[in-house]
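Take a look at the sequence and the fold before reading on.

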Amino acid sequence: MTGRAPRLLAGLLAACLAGSSAPAGDMLDKRSGADFMSPENRAMQADDMSNPGMFAVLDGEELWNRPEGANGRSCAGCHGEAATSMRGVATRYPAFDERSGRPIDLAGRIGECRRTRQEASPLPHESPELIALTAYVAHQSRGMPISPPQDERLAQFRENGRRLYERRIGQLDLSCASCHDARWGERLGGSVMPQGHPTAYPLYRLEWQAVGSLQRRLRNCMIGVRAEAFAFGAPELIELELYLMERAAGLTVETPGVRP
Amino acid sequence: MTRALINAPKTARRGEIIEIRAMLAHPMETGFRTGTMGKAIPRDIINRFVCTWNGEEIFSADLFPAIAANPYLAFTAVATDSGTIAFAWTGDDGETRTAETEITVT
Amino acid sequence: MRDKATTSGLRRRDLVAGGAVLALTLVAPRTARARPSLEEAIRAFTGGAAVKTGRVQLAVPPLVENGNAVGLSVKVESPMSETDHVRRIALFNEKNPQADVAVFHIGPRAGRAEVATRIRLATSQTVAAIAEMSDGSFWSHRADVIVTLAACVEDLL
């Protein structure tokens, strides 16, 4: 425990010294974070019987079919079989939300559906129920390529996401790009830095010993560089996701992923 | 909510050695961690797991906090008769949960 | 060491380090001191009987990315017959807060003496698998595992 912080600092500082001018969103050798994992952890993800993220997916299936709220409707009551109706949906999120005039992520969409269609109480960010439903819906797109919507209304938000991605933040003065564009494949402490593609969320992270969202992971990174993390659900986190998904376009959805 | 994922063949030949795998949904809280404000988080683990074949115990395990969250157990059994392979696991809370699967032996 | 230092001579970094030492002293008794050594834990399991090397094969990756879930398997050479089989397979660790990991109870109905699970390793250390045979003999295999330091942890103290 005591040895960890100095090593982290040294690693991050080394990363800090590197230039970071790789062409974002246009990586030549685009690779999922799974490619950088040990064979054991890849095997854990690949086998549904040994992937603990499957518990979230199965819980999500149960919730999908459970009537909720004042309307007493289930997700299935409107959407039917998720295997058909939700197939490919996660590849196109975040999407433009007409009501708010802003991008909305998958968990946000589920929350909106719950509020307006089911008239049910909101599920808190990162609650097991919201994670499970999101994992179940995203799982219906497993194996499909990430295909961000070419919606002009999203452009300015995506551009803001790119700015956030490239902006140096925190006491360590690092941007996302400092590590995930400029130094991917190299080590930070004992860990290999991946390219930072959100292909497998919600995912089971061994560090968490639980399934969590992309926002939880992004907040981790921000805390790691000693920056003040955006709150769960903050527009900035959704804009970042919007940019990250564009950057990851073409990679396949893995939900539920496993990561160290 | 889903409490266990069980993987065992549905059919087997008599005398065949089959592999049985179980993954249980459980945080396996070690009792060695502290939460907010430095308060110790009490231990909460599955401490015992038993597998029976038509009522006869064929495998059991005593588990400790060093077993990873969502315990994963794989073991083998000789297929003897058709019937029920049952699983029971007990937590520190004293509660026992169960799951079972059917097998046809020819 | 700390009682020799005077406040005026201390640099900020020393104070921080001193704080860390103090914090460790406060936490340590409940975790580190309480546990038996690996050898003591094995002796408790065998009742002091001799443990021979061999017949057991513990397979665990030599280097893992995160100690929270380390997959391993144990195979024991045994005919697994009524008269000659493995009764128990136990796993112990060297440096976790507690030495015990798991004890598996098997018998002739297992057909093969083979088990697999996922364990936690708090740091790089030795893991030992001990098999108790139906004739009362004990056999073992040990493996060293390096747990790499995670760079990005959620809760930085």
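What percentage of the 106 residues in chain B is buried? Buried residues make up 51% of them; buried means under 20% relative accessible area, exposed over 50% and partly exposed in between, with a 1.4 Å probe and protein chains only. This is a predicted model, in which local features need pLDDT of at least 70, side-chain atom pairs count only at pLDDT 80 or more, and totals for chains, interfaces and linings use all residues. Residues are numbered from 1 along each chain as its sequence is written, chains are lettered from A and ligands numbered from 1 in the order in which they are written, and side-chain values use heavy atoms, without hydrogens and water.

Stay with chain B. It has 8 strands and 0 helices; strands are DSSP runs of E of at least two residues, helices runs of H or I of at least four. Take the contacts (heavy atoms within 4.5 Å). Among those in chain B between residues at least 6 apart in sequence, 57% join residues at least 24 apart.

Now the cysteines. A disulfide is a pair of cysteine sulfur atoms within 2.5 Å. The count over all chains is 0. The sulfur of Cys78(A) has its closest cysteine sulfur in Cys113(A), but the gap is 6.9 Å, so it is too far for a bond. Cys221(A) is partly exposed, at 28% relative accessibility.

Last, the lining of the second largest cavity. Leu164(A), Arg167(A), Ile169(A), Met222(A), Phe230(A) and Leu240(A) line this cavity. On a 1 Å grid over the protein atoms alone, a cavity is a set of points where a 1.4 Å probe fits but cannot get out, and lining residues have an atom within 4 Å of a point.

Definitions and conventions. 1 Å grid on protein atoms, 1.4 Å probe; cavity = no way out; pocket = protein on both sides within 12 Å on 5 of 7 lines; lining within 4 Å.
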